[in-house]
Amino acid sequence: PEIIDLGDVVVGTSSQYHMTVYNASNCSLHYRLKIKLEPSDDPTRLYNVPLTGKQALQVDCSQTELASRALQTIRLTARPGRRVGYKFTIFYELLRTSFLASDGSAGEEVAQSEMA
């Protein structure tokens with residue numbers, strides 16, 4: 001997994017980062033991105049940061065389909081609500097895979113898996 005440091009973002013402002021994902025498979029992938037707030041590495045800082053309403057990290061498009069062998073750029077927006085260190089993990093959940101069968105007909109496979 002790649003670590004992305006968005007740097008310091010002042011409370012009340014926002015910072016954007018563009019993340020590129022690549023589908024190396026031979027089939028289209030329908031997926032959903034999920035964001036998880038990780039516990040603080042610093043035991044003196046407690047993470048009681050509510051993620052309701054405006055989240056500290058927002059994803060431009062959280063559910064979409066990515067064609068085979070295609071790149072997609074996803075915009076992340078950091079918008080801190082409190083003056084603490086934030087650490088997030090972004091997961092994807094594979095919802096559906098569309099593929100071309102060996103006889104040339106289209107098929108669809110449903111998969112519920114989560115990867116870090």
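Visitor: Which residues does T89 contact, leaving aside its neighbours within four places in sequence?
Guide: With those neighbours set aside, T89 is in contact with K34, I35, K36 and E38, where contact means heavy atoms within 4.5 Å. T89 lies in strand β6, residues 88–100; a strand is a DSSP run of E, at least two residues long, and strands are numbered from the N terminus.

Visitor: What kind of model is this?
Guide: This is a predicted model, with residues numbered from 1 along each chain as its sequence is written. Local features need pLDDT of at least 70 and side-chain atom pairs count only at pLDDT 80 or more, while totals for chains, interfaces and linings use all residues; side-chain values use heavy atoms, with hydrogens and water left out.

Visitor: How far apart are the C-alpha atoms of T89 and K36?
Guide: The C-alpha atoms of T89 and K36 are separated by 5.2 Å, although the two residues are 53 residues apart along the chain.

Visitor: What makes T89 partly exposed, and why is T64 called buried?
Guide: Buried means under 20% relative accessible area, exposed means over 50%, and partly exposed is in between, with a 1.4 Å probe and protein chains only. T89 has 22% relative accessibility, so T89 counts as partly exposed. T64 has a relative accessible area of 17%, so T64 is buried.

Visitor: Where is T64, and which residues does T64 contact?
Guide: T64 is in strand β4, residues 63–66. Apart from neighbours within four places in sequence, T64 is in contact with L29, H30, Y31 and Q72.

Visitor: How many bridges join β3 and β5?
Guide: Strand β3 (residues 57–59) and β5 pair over three bridges, in the antiparallel sense. L57 stands opposite A78 in β5, and Q58 stands opposite T77 in β5.

Visitor: What is the order of the strands in the open sheet, and why are β1 and β3 at its edges?
Guide: The open sheet has three strands in the order β1-β5-β3, with antiparallel pairing. β1 and β3 each have a single partner strand, so one side of each is left without a neighbour in the sheet. From one strand to the next the twist averages 25 degrees, where axes are lines fitted to C-alpha atoms and angles run from 0 to 180 degrees between N-to-C directions.

Visitor: Which residues make up the largest nonpolar core?
Guide: A nonpolar core is a set of buried Ala, Val, Leu, Ile, Met, Phe, Trp, Tyr and Cys residues joined through side-chain atoms within 4.5 Å. Here the largest has 10 residues: M19, Y31, L33, L57, V59, L66, A70, I74, L76 and A78. Two or more residues come from each of β2 (28–37), β3 and β5. The largest share, three residues, is from β5. L76 touches, among others beyond four places in sequence, M19, L57 and V59.

Visitor: What makes the pair of E93 and R32 a salt bridge?
Guide: A salt bridge is a side-chain nitrogen of Lys or Arg within 4 Å of a carboxyl oxygen of Asp or Glu. The closest N and O atoms of E93 and R32 are 3.2 Å apart, so the pair meets the cut-off. E93 lies in strand β6 and R32 in strand β2, so the pair ties together parts that are 61 residues apart in sequence. E93, at 11% relative accessibility, counts as buried, whereas R32, at 29%, counts as partly exposed.

Visitor: What other salt bridge does E93 form?
Guide: E93 forms a salt bridge with K34, the closest N and O atoms being 3.4 Å apart. E93 is in strand β6 and K34 in strand β2, 59 residues apart. K34 counts as partly exposed, at 31% relative accessibility. R32, K34 and E93 are thus linked in a network of salt bridges.

Visitor: How many salt bridges does the structure hold, and which residue pairs with R75?
Guide: The structure holds three salt bridges. R75 forms one with D60, with the closest N and O atoms 3.1 Å apart. R75 lies in strand β5 and D60 in the loop between β3 and β4, so parts that are 15 residues apart in sequence are tied together. R75 has a relative accessible area of 30% and is partly exposed.

Visitor: What is the phi of R69?
Guide: R69 has a positive phi of about 55 degrees although R69 is not a glycine. Most residues other than glycine have a negative phi. R69 is found in the loop between β4 and β5 and, at 47% relative accessibility, counts as partly exposed.

Key. Helix = DSSP H or I, 4+ residues; strand = E, 2+ residues; numbered from the N terminus. Pairing = 2+ DSSP bridges.
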